[in-house]
Amino acid sequence: MQAAPAPTRHDQATRLLHQCGATVTPARVRVLQLLLAADAAMSHQSLQQAAAASGHPFDKVTLYRVLDWLTGQGLVHSVAGHDRVRRFSLMNPHHAHAHFECSVCGRLFCLRGSLASAALELPPGFASDRVDITVHGRCAGCTAAATAPRSRGKDPGV
Ligand SMILES: [Zn+2]
Ligand SMILES: [Zn+2]
């Protein structure tokens, strides 16, 4: 399905690990590479599939361990969709940001922009720990698919 990850992603992954003073291990680099290449947040399953497709399948336990570790280091954050499946993403680990969940394909995307300016008023005495906002709708791919002609030629005539 896809070629080997570009060397630049390998460099980026290695740099991310160096930045947090972590040991660079092949498994950590590979998980980060897959997340760098992803356009949406990825579940354990989709990461395993992507790894297998690139010719280097992951041991399931290793993948769980690496993701837990990366999350603990603040390099990766996870978000759950309506199906409660956790998906992992590299983007904005330290900033409150909103997510977009596509109601057609179910993919979850991290949105750019900070929620720090969101004008949410807490009642007196309330203290917020984190803000969790998900926008629901259709992603670009699904919007395009919905407007494209579904079949060529055959008009059902209804
Ligand atoms: Zn979609
Ligand atoms: Zn996110």
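Mentor: Let us begin with helix α2 (residues 26–37) and helix α4 (residues 60–72), whose axes come within 10 Å and cross at roughly 75°. Helices here are DSSP runs of H or I with at least four residues, strands are runs of E with at least two, and both are numbered from the N terminus. The axes are lines fitted to C-alpha atoms, for helices over the stretch in contact, and the angles run from 0 to 180 degrees between N-to-C directions. Angles under 35 degrees count as roughly parallel, over 145 as roughly antiparallel, 65 to 115 as roughly perpendicular and the rest as oblique; α2 and α4 are therefore roughly perpendicular to each other.

This is a predicted model, in which local features need pLDDT of at least 70 and side-chain atom pairs count only at pLDDT 80 or more, while totals for chains, interfaces and linings use all residues. Residues are numbered from 1 along each chain as its sequence is written, and chains are lettered from A and ligands numbered from 1 in the order in which they are written.

On the α2 side of this crossing, A27, R28 and V31 meet T62, L63, V66, L67 and L70 in α4, where a contact means that the C-beta atoms of two residues, placed from the backbone, lie within 7 Å. The residues of this contact divide into six nonpolar, one polar and one charged, with Ala, Val, Leu, Ile, Met, Phe, Trp, Tyr, Cys and Pro counted as nonpolar, Asp, Glu, Lys and Arg as charged, and the others, Gly among them, as polar.

Helix α2 also packs on helix α3 (residues 44–53), and the axes of these two come within 10 Å and cross at roughly 100°, so α2 and α3 are roughly perpendicular to each other. Here R30, V31 and L34 in α2 meet L47, A50 and A51 in α3, a contact with five nonpolar, no polar and one charged residues.

Turning to the strands, two of them pair if DSSP finds at least two bridges between them. Strand β1 (residues 42–43) pairs with β3 in the antiparallel sense over two bridges, and S43 has R87 as its bridge partner in β3. Strand β3 (residues 86–89) also pairs with strand β2 (residues 77–80), again in the antiparallel sense, over four bridges; within that pairing H77 stands opposite S89, and S78 has F88 as its bridge partner. The hairpin of β2 and β3 has five residues between the strands, and in it R84 takes a positive phi near 70°.

A separate group of three strands forms an open sheet of mixed pairing in the order β5-β4-β6. Because β5 (108–110) and β6 (134–137) stand at the edges, each with a single partner strand, one side of each is left without a neighbour in the sheet. The twist averages 25° from one strand to the next. Three bridges join β4 (residues 99–102) to β5 in an antiparallel arrangement, and E101 in this pairing stands opposite L108.

For the chain as a whole, there are five helices and six strands, following the pattern α-α-β-α-α-β-β-β-β-β-α along the sequence.
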